[in-house]
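Dear colleague,

Please find below the structure I promised to hand over, with the sequence alongside. My notes on what was found in it follow.

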Amino acid sequence: MSIDEGFRLMLLAWIGLAPAIALVLLRIAAPYGRHNAKSAGPTVPAGIGWFLMELPALLIFPTLVIAMGTASASPSLLMLLALWLLHYGNRVLVYPWRVKSGSPMPLVIMLSGIAFNGINGVFLGLGLTGLGGPSAIESIVDIRVVLGAIIFLGGFALNLQSDSVLRRLRMDGRPGYRVPTGWAYRFVSCPNYLGELLEWVGWAIASWSLPGLAFALWTAANLVPRALAHHRWYLRTFPDYPAGRKAVLPGLL
Ligand SMILES: NC(=O)c1ccc[n+]([C@@H]2O[C@H](COP(=O)([O-])OP(=O)(O)OC[C@H]3O[C@@H](n4cnc5c(N)ncnc54)[C@H](OP(=O)(O)O)[C@@H]3O)[C@@H](O)[C@H]2O)c1
């Protein structure tokens, strides 16, 4: 078996694991935030947890692209790198220091996030720089790249804006949960997750690659079950919760 074939086989196994994880997360919500459980063990402050958990994502994919030589990288790969840095620049360098979480992050969540971001970063970094076959798109004016970038940027804006609505709910310093309102919260309980999903679906389209698809599927495997759990929690907790609001896909789910 060649290295390319071995890489593709591992990637397919990684993709196959995503639905299995989704099934587990549909039964047991990952224990952080409102679904935190004392049984989840030792914790770290939420901001530190987010920073350390997402740091491998900020470092690994860009390092692998740069190590392959940005001078020889295609324009489309450089654009994917720019979008990646936009998202993870915020997630690692800004988000952790602004987050107003009501509870610390279990160490087990932080460590599993580090492991996920490490594996995902290696698959993307190696896969998009040539392992597993040549990259599908070189030019930045390809319709898939343009459409994917537009979807990504729309999702990024939605994610940022929706996270900032949640932050403002605790601006007065009072912990606890309120019903978020306005903007995309009129349609779904978790527009921040919808934004994140759009980002990685758009990025996958722009990359037109198996590693890009794998990341989009893993994001859905994580965030759709969590959005459903949040939605059920809102309905249980607030008797006057808006009836028409869906969990994550407006009008659908
Ligand atoms: N790519 C991925 O697979 C992935 C996975 C997970 C998260 N993320 C992203 O990471 C970000 C944070 O995720 P998350 O799971 O922590 O999101 P979340 O559950 O929506 O919480 C985000 C922040 O807002 C607070 N919050 C949520 N609902 C609130 C309410 N009704 N009233 C007051 N405060 C509220 C939370 O506090 P508490 O902590 O006290 O609940 C937390 O600090 C999101 O942008 C998400 O898209 C991405």
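Leu213 lies in helix α7 (helices being DSSP runs of H or I with at least four residues, and strands runs of E with at least two, numbered from the N terminus). This is a predicted model, in which local features need pLDDT of at least 70 and side-chain atom pairs count only at pLDDT 80 or more, while totals for chains, interfaces and linings use all residues. Residues are numbered from 1 along each chain as its sequence is written, and side-chain values use heavy atoms, with hydrogens and water left out.

Leu213 is partly exposed, with a relative accessible area of 40% (buried means under 20%, exposed over 50%, and partly exposed in between, with a 1.4 Å probe and protein chains only). Together with Leu12, Leu210 and Leu217, Leu213 makes a nonpolar surface patch of about 310 Å², to which α7 gives the most, with three residues. Patches are made of residues with over 30% relative accessible area and no salt bridge, nonpolar side chains (Val, Leu, Ile, Met, Phe, Trp, Tyr) being joined within 5 Å and like charges within 9 Å; the areas come from the Shrake-Rupley method with a 1.4 Å probe, and for residues only the protein chains shown count as cover.

Leaving aside neighbours within four places in sequence, Trp84 is in contact (heavy atoms within 4.5 Å) with residues including Phe61, Asn120, Trp203 and Phe215.

A search of the whole structure finds five salt bridges (a side-chain nitrogen of Lys or Arg within 4 Å of a carboxyl oxygen of Asp or Glu). Arg91 forms one with Asp163, the closest N and O atoms being 3.9 Å apart; since Arg91 lies in α3 and Asp163 in α5, the pair ties together parts that are 72 residues apart in sequence. Arg91 also forms a salt bridge with Glu196, at 2.8 Å between the closest N and O atoms, and both of these residues are buried.

Best regards
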